[in-house]
Amino acid sequence: MPHLYLVDGSGYIFRAYHRLPPLTNVHGEPVGAVYGYTTMLWRLADEVHAAEGPTHMAVILDKSSKTFRNDLYDQYKAHRPPPPEDLVPQFPMIRDATRAFSLPCIETEGLEADDIIACYAKAALAQGWSVTIVSSDKDLMQLIEPGLDLYDTMNNRRLGAEHVAEKFFGIAPNQLGDVLALMGDSVDNVPGVPGVGPKTAAKLILEHGDLESVLAAAEGMKKGKLRDNLIEHADMARLSRELVSLRCDVALPEPLEDLELKGIPDAPLRAFLEHHGFRSLLTKLGQVADAPVPAPASVPMEEDPPCNLDEYETVQDLDALDRWITIARHQGWIAVDTETSSTDATQAELVGVSLALHPNLACYIPLGHGGTDLLAEVPVQIDVKAALAKLKDLMEDPSVLKIGHNLKFDMIVLGERGIDMAPHDDTIVMSFDLDAGLHGHGMDELAATHLSHSCIAFKDVVGTGKTQRGFHEIDLKTATRYAAEDADVTYRLWKRFKARLPAEGATRVYEMVDRPLIPVIARMERRGIKVDRERLAGLSAEFAGQIAGLETEVHALAGGPFTIGSPKQLGDVLFERMGLKGGRKGKSGVYSTDVTELERLARDKDAPGVDLVRKVLEWRQLSKLKSTYTDALQAQINPKTGRVHTSYSLTGAQTGRLSSTEPNLQNIPIRTEVGRQIRDAFVAEPGNVILAADYSQIELRLAAHMADVPALREAFANGDDIHSLTAQELFGEVNRDTRGRAKTINFAILYGISRWGLAGRLDVTPDEAQAMIDRYFERFPGVNRYMADTLEGVRERGFTETLFGRKTHFPRIKSKNQGERQGAERAAINAPIQGTSADIIKRAMVRMEPALDAAGLGHVRMLLQVHDELVFELPEGDVDAASTVICEVMENAATPAVTLTVPLGVDIGTGLSWGAAH
DNA sequence: GAAGTCACG
DNA sequence: GACGTACGTGACTTCG
């Protein structure tokens, strides 16, 4: 059977106007109500194929303000205020929208939309059709009967007789006209009977049956105001009855059959959506979901008003949350920030979420406040589950860009709650890709630099030290000011960076390397790596015993106890008490006692105190391993997962490398046998293995490519040992000693060589070091040239660039201080090489998961990155297949953006632990 | 919080 | 003639 949907367009637009925020389209025209109307039509159109969906549909509008009711009663709707100024231009747009959907739009002179709806409803019902009136107007509820219901699209509910009974105290739909007549309507100026509201009206009708019976019974009622009013205003009640009656006796402007739905042509709808810039709907129509969002140009950035913390809203009910989500869907982007109980995203409790849509249009949604002794009273908050369900839809909506500052954190927090945020932009990464080397990228610093705004300091909100409170204990007013400010500032920064990225040539590295990496890193952090606690505890105990023994021996040799860990005391003991030779270093006037100095002392077998020095070196090594690794790592194991979850910083290293904190898993020992045991504590789950894949000599290979050194390029192409080759070229023979020296020189080149530095490393004179450097430049032409070009570039432009366009700024390149300047020069020579290497492994990481998935290796988990190494955990049986994919991805990570003239080599190892995988 | 030291690439 | 010498990180300890 046909099902006719009659859309009360006029009713909808008023409700939408008051309920939705004041949106404007790309032309600056107000379109809030139109947007709401368009999304509603969309939803209805989507229901076409549903079981109870429409087969016929029409939109009914009011034609003019004068109707037959004004002839009945000249005061009808007389006091109604004119529609708001910014609603008026939206009326014609409603017609545009309806036409865009190719729906019939019906309006008739002298009739209200309600009457036309009633006519169509009756006609359809008479033919046995079902009818749904898309409205929640109480007058239209009179029409409800079997086969006809109302559909309140704003609250997504069907309204039937039960709803009328519930709202009007037991009244049936066919009695509603009488109730409405008695109670009147102040908005439409239907007079009714004074003193009679819905409750009294319903009671009277239920008691007496209908209006006339009520009026007839008035005389017999007990004396009182009600009786008097009913008698005195009986005629007004009868007039009201006529006014609220719906006329269904006029001819249908268009026959029912013509309302049949015939599908919605694409072109007019697209044109309409494009005209208004309704991005999210365009996306649904089939535009690319991840198309870059244009920078909002309508408001020049300079005209952004200053941050006004008093304008922020605290969102405490679902309706309010819906409002924010609606605007986000409309404009296609939103700034997001989460407040939590901890800076460790993998263990943090969610305390609240803040959102920003425009400068100063920001809110805070408290979700986990209260619940402690300190804040005994739990404030009004949306139920976390309900709020997260709403937020999930928004966060996962492919047509809404989520903007955050260090969004990786929020991705992890929400990821732990089943929300897979996408698409995204991150202002901390944007800032890094624009301004690495110029300043930090924390929000407070960026707000001060770019917005001349000083953010509320977190410690001013929660305090410090013993009296520090959790964010969940902060009152909502303060919490809103702090949290919403962060979202607001993030939004403002995003506008600026969004415009700067293409203008400053930073889009390439941002879009190709760093932006897509964020969710990859978030997943790695969430996975963590399993650590064998017992093994670490065993090592700790072992080290503790040895340290204690060494301490006793050191004190005995030194002739008395002192704090070995104090460089100052140790220096005094060695150089004063024991009389070893060595010089002061540093401004603080403390003897240098670092490992190179102590090893120098230890080499002199005959010097007094050699034994002491050797014991101290051993003590130092074990103390370091115990305190930094075997003890600390145990404390870092997440009790819930049994794994260690590091946090990677994408902006920590100026060159574009990642850095790793809490704990740092990029400096787990490997170079010494005793330290290496710590790696054995990083293990795979039963049935799995650890796979470590590392680039072989990647920085030297890149140097060979970038400096265009034929001999080196050939050597890499042939798979030769590059340090041996260097030894052959520099010293004419290859042995352990010359190869070691050659290796040192190769690294020295990468790091920005100085004759003194190399001399110190090789224990030769600066002149001899210079001779080696000269010979190197001679044998490997291109290197010297590359270094000179790099320096010229950085002096001229202030920054270096990687092959992928990543910039690193070096403001000190112009320093008057020679030391500073030379330091900047060395760093500038290194940055393009180290940075390109970082770009390449990042690209490999971005491509790794899709490549593994495509190969049916979805169970292979990428866990760690250590600059030139990726660590995976995978089922034992997948090793061969995974190795192939991993190698392939890593070796080809530069292409097609960059074509290298050297191959990239990857070595792979596997084992039950990280240590065994090397 | 600075300085010194040392773990990694 | 002095400067103070390799690039990039983070964590721990001592000490003022």
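In the predicted model, lysine 807 lies over the face of phenylalanine 799, at 4.6 Å from the ring centre. A charge is taken to sit over a ring if NZ of Lys or CZ of Arg is within 6 Å of the ring centre and within 35 degrees of the ring normal. A further case involves arginine 755, whose charged end sits over the ring of tryptophan 756, 5.3 Å from its centre.

This is a predicted model, in which local features need pLDDT of at least 70 and side-chain atom pairs count only at pLDDT 80 or more, while totals for chains, interfaces and linings use all residues. Residues are numbered from 1 along each chain as its sequence is written, chains are lettered from A and ligands numbered from 1 in the order in which they are written, and side-chain values use heavy atoms, with hydrogens and water left out.

Contacts between rings were also searched for. A pair of aromatic rings is described by the distance of the centres and the angle of the planes. Rings of Phe, Tyr and Trp (its six-membered ring) pair if their centres lie within 6.5 Å; planes under 30 degrees apart count as stacked, over 60 as edge-to-face and the rest as tilted. The whole structure holds 15 aromatic pairs. One of them joins phenylalanine 272 and phenylalanine 278, with ring centres 6.2 Å apart and planes at 75°, so this pair is edge-to-face. Phenylalanine 272 has a relative accessibility of 7% and counts as buried (buried means under 20% relative accessible area, exposed over 50%, partly exposed in between, with a 1.4 Å probe and protein chains only). Phenylalanine 278 is buried too, at 0%. Phenylalanine 747 and tyrosine 751 form a stacked pair, 6.0 Å centre to centre with 25° between the planes. In this pair phenylalanine 747 is partly exposed at 30%, and tyrosine 751 is partly exposed at 45%. One aromatic cluster is formed by Tyr364, Phe458, Phe471 and Tyr482.

The search for disulfides (pairs of cysteine sulfur atoms within 2.5 Å) found zero in the whole structure. For cysteine 307, the nearest cysteine sulfur is that of cysteine 455, 7.1 Å away. Cysteine 307 counts as buried, at 19% relative accessibility.

Chain A contains 35 helices and 25 strands; helices (H or I, at least four residues) and strands (E, at least two) are DSSP runs, numbered from the N terminus. The radius of gyration of chain A is 38 Å, well over the 29 Å that the globule rule gives for 918 residues, so the chain is more spread out than a compact globule. This radius is taken over C-alpha atoms, and the rule is 2.2 Å times the number of residues to the power 0.38. Along its principal axes the C-alpha trace spans about 130 × 60 × 60 Å. Of the 918 residues, 52% count as buried.

Three strands form an open antiparallel sheet in the order β16-β13-β19, where strands pair if DSSP finds at least two bridges between them. The edges are β16 (643–644) and β19 (682–683); each has a single partner strand, so one side of each is left without a neighbour in the sheet. Strand β13 (residues 529–531) pairs with β19 over two bridges, and lysine 530 stands opposite valine 683 in β19.
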